[in-house]
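Some notes on this entry, as requested.

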Amino acid sequence: MSSPSKEDSAFSSPRSEDEHMMYDNLESPTFETVEGVDGAVSEQPQALQNPEEREREMEEYRRSLEIVEGEIATLRQVLGSKVRYASELKRKMGITPFQELKQDLHYGFKTIKESDTVVKTNEKLTNVKERITASNAYQKTNEKLVEMNDKITHSQAYHKTNDYLGELNNKISNSSTYQKTSSAVKTASEKTNAAVSSFGASVTKKLGDLRNSNTFKSVEEKVGGAYSNVKTSRSIGNMKGRLGMVSDRVL
């Protein structure tokens, strides 16, 4: 029986990760399908590629990679143009980035609220609450609290304290000091309300002028574009992932 050759020992001996990568990139044999006598299909390695064939194959891979990268760059340019056009349409429709963010948050909270996890949790909490309120301990505690409240509200001390507080309130509200203080507070409140109303009208006018300025429109377009880019980042990631899979298949 002949001893194994160097190639056989290289393929059969345990290899590290770096050795696997080296052999996969440089010495990967091609396989052809061979059908046996009984119809069984097996794979047999052909002869290793020579350097010239390997170089031609790598050149084809490089050309395919350049084509794929060019398609990626084109898709990015088209996507950026679409995002800018969508931002311009939203601005003409009066849809600001803040309104869009508010709407997205509303739908996000609604989706979370209607999710199976939240619904099941609410059902469990409702069941726990019903069990607690129907338990004997809860009923007895509630009855004791009601009895205690009745005793306090019907006690002489409670009535005397309530009467004393009523008399004290009447004395304070009928005193001259209270009347003067109340009049001064009312006058100050009216002046403050007038000042606040005037200030609010002025701020509203200034904000309207600022919103119609070119600087604000430019900032709003930038914010809208950034928010749209964030929203479409997942689409870009998915697109890059798919193109990466295509590139891997080509390689």
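The points below concern a predicted model.

1. Salt bridges overall. The whole structure contains six salt bridges. Among the residues involved, E55, E59, R62 and R63 are joined into one network through shared partners.

2. R54 bridges to E57, with 2.9 Å between the closest N and O atoms. Both residues belong to helix α3 (residues 51-93) and are three residues apart, about one turn of the helix. R54 has a relative accessible area of 22%, so it is partly exposed. E55 pairs with R62 at 3.3 Å, N to O. E55 is partly exposed at 47% relative accessibility, and R62 is partly exposed at 37%.

3. K90 and E100. These side chains form a salt bridge at 2.6 Å, N to O. K90 is in helix α3 and E100 in helix α4 (residues 97-113), so the pair ties together parts 10 residues apart in sequence. K90, at 24% relative accessible area, is partly exposed, whereas E100, at 9%, is buried because the cut-off for buried is under 20%.

4. Packing of α5 and α6. The axes of helix α5 (residues 116-134) and helix α6 (residues 136-153) are 5 Å apart, at an angle of about 60°. The angle makes α5 oblique to α6. I132, T133 and A134 of α5 make the contact with N136, Y138 and Q139 of α6.

5. Nonpolar surface patch. Y164, L165, L168, I172 and Y178 make up a patch with about 500 Å² of accessible area together. Helix α7 (residues 156-174) supplies the largest share, four residues. Y178 sits in helix α8 (residues 176-211) and is partly exposed at 41% relative accessibility.

Note on methods. Residues are numbered from 1 along each chain as its sequence is written. This is a predicted model: local features need pLDDT of at least 70, side-chain atom pairs count only at pLDDT 80 or more; totals for chains, interfaces and linings use all residues. Side-chain values use heavy atoms; hydrogens and water are left out. Patches are made of residues with over 30% relative accessible area and no salt bridge: like charges are joined within 9 Å, nonpolar side chains (Val, Leu, Ile, Met, Phe, Trp, Tyr) within 5 Å. Accessible areas come from the Shrake-Rupley method with a 1.4 Å probe; for residues, only the protein chains shown count as cover. A salt bridge is a side-chain nitrogen of Lys or Arg within 4 Å of a carboxyl oxygen of Asp or Glu. Helices (H or I, at least four residues) and strands (E, at least two) are DSSP runs, numbered from the N terminus. Buried means under 20% relative accessible area, exposed over 50%, partly exposed in between (1.4 Å probe, protein chains only). Axes are lines fitted to C-alpha atoms, for helices over the stretch in contact, and angles run from 0 to 180 degrees between N-to-C directions. Angles under 35 degrees count as roughly parallel, over 145 as roughly antiparallel, 65 to 115 as roughly perpendicular and the rest as oblique. Contact means heavy atoms within 4.5 Å.
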